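Please brief me on this chain.

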Amino acid sequence: MGKAAVAKKGGDSGTPTGRPKSGRVWKSTTQSIKSTKHIKSSGAHTSWAKKQEGRAAKENLAKLKREAVENALREKEERIQRKKEQEERRLANERKAEIVQKISNTKKIKKMSRKQRRQIETRDTSGK
């Protein structure tokens with residue numbers, strides 16, 4: 001149990017400092033925490049020209065993003081449209097390639113087996 005040590009730190013007035021009562025030796029002294037010691041940096045303030053440049057860059061980025069989204073939507077719509085057209089062409093080609101046999105005598109239908117009757121489909125033969 002000795003005397004308190006006197007330490008001089010950057011302009012302190014020779015106040016005695018020793019082991020803190022709390023035992024937290026890693027804590028700094030209260031003097032360094034005071035707000036008067038804080039030095040405000042001038043880096044937080046930006047010039048008007050820099051702000052304008054930042055705004056222009058942000059606006060440009062937003063514009064590019066909008067264009068990319070619009071392009072993606074347009075391409076998706078085009079793909080869907082192409083798919084629909086292909087399906088229509090495929091169905092039309094199937095209809096053209098069908099082998100059609102016209103049944104004018106309805107008594108033939110009665111003579112057919114059930115399986116054959118199920119395969120009969122009616123079509124418009126007017127050619128429109």
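The briefing below goes from the whole chain to single contacts.

This is a predicted model, in which local features need pLDDT of at least 70, side-chain atom pairs count only at pLDDT 80 or more, and totals for chains, interfaces and linings use all residues. Residues are numbered from 1 along each chain as its sequence is written, and side-chain values use heavy atoms, with hydrogens and water left out.

**Elements and exposure**

- The chain has three helices and zero strands. Helices (H or I, at least four residues) and strands (E, at least two) are DSSP runs, numbered from the N terminus.
- The order from the N terminus is α-α-α.
- The chain has 128 residues, and 0% of them count as buried. Buried means under 20% relative accessible area, exposed means over 50%, and partly exposed lies in between (1.4 Å probe, protein chains only).
- Accessible areas come from the Shrake-Rupley method with a 1.4 Å probe; for residues, only the protein chains shown count as cover.

**Salt bridges**

- The structure holds four salt bridges. Each is a side-chain nitrogen of Lys or Arg within 4 Å of a carboxyl oxygen of Asp or Glu.
- R90 pairs with E87, with the closest N and O atoms 2.5 Å apart. Both sit in helix α1 (residues 48-97), three residues apart, so about one helical turn separates them.
- R90 is partly exposed at 40% relative accessibility. E87 is also partly exposed, at 36%.
- E98 forms a salt bridge with R123, the closest N and O atoms being 2.9 Å apart. E98 lies in the loop between α1 and α2 and R123 in the segment after α3 (114-119), so the pair ties together parts that are 25 residues apart in sequence.
- E98 is partly exposed, with a relative accessible area of 34%. R123 is partly exposed, with a value of 34%.
- R123 also meets E121 in a salt bridge (2.9 Å, N to O). E121 counts as exposed, at 54% relative accessibility.

**Positive patch**

- K107, K108, K110 and K111 form a positive surface patch. Patches are made of residues with over 30% relative accessible area and no salt bridge; like charges are joined within 9 Å, and nonpolar side chains (Val, Leu, Ile, Met, Phe, Trp, Tyr) within 5 Å.
- Lys and Arg count as positive. The charge of Lys is placed at NZ.
- K107 lies in helix α2 (residues 107-111). K107 is exposed, with a relative accessible area of 59%.
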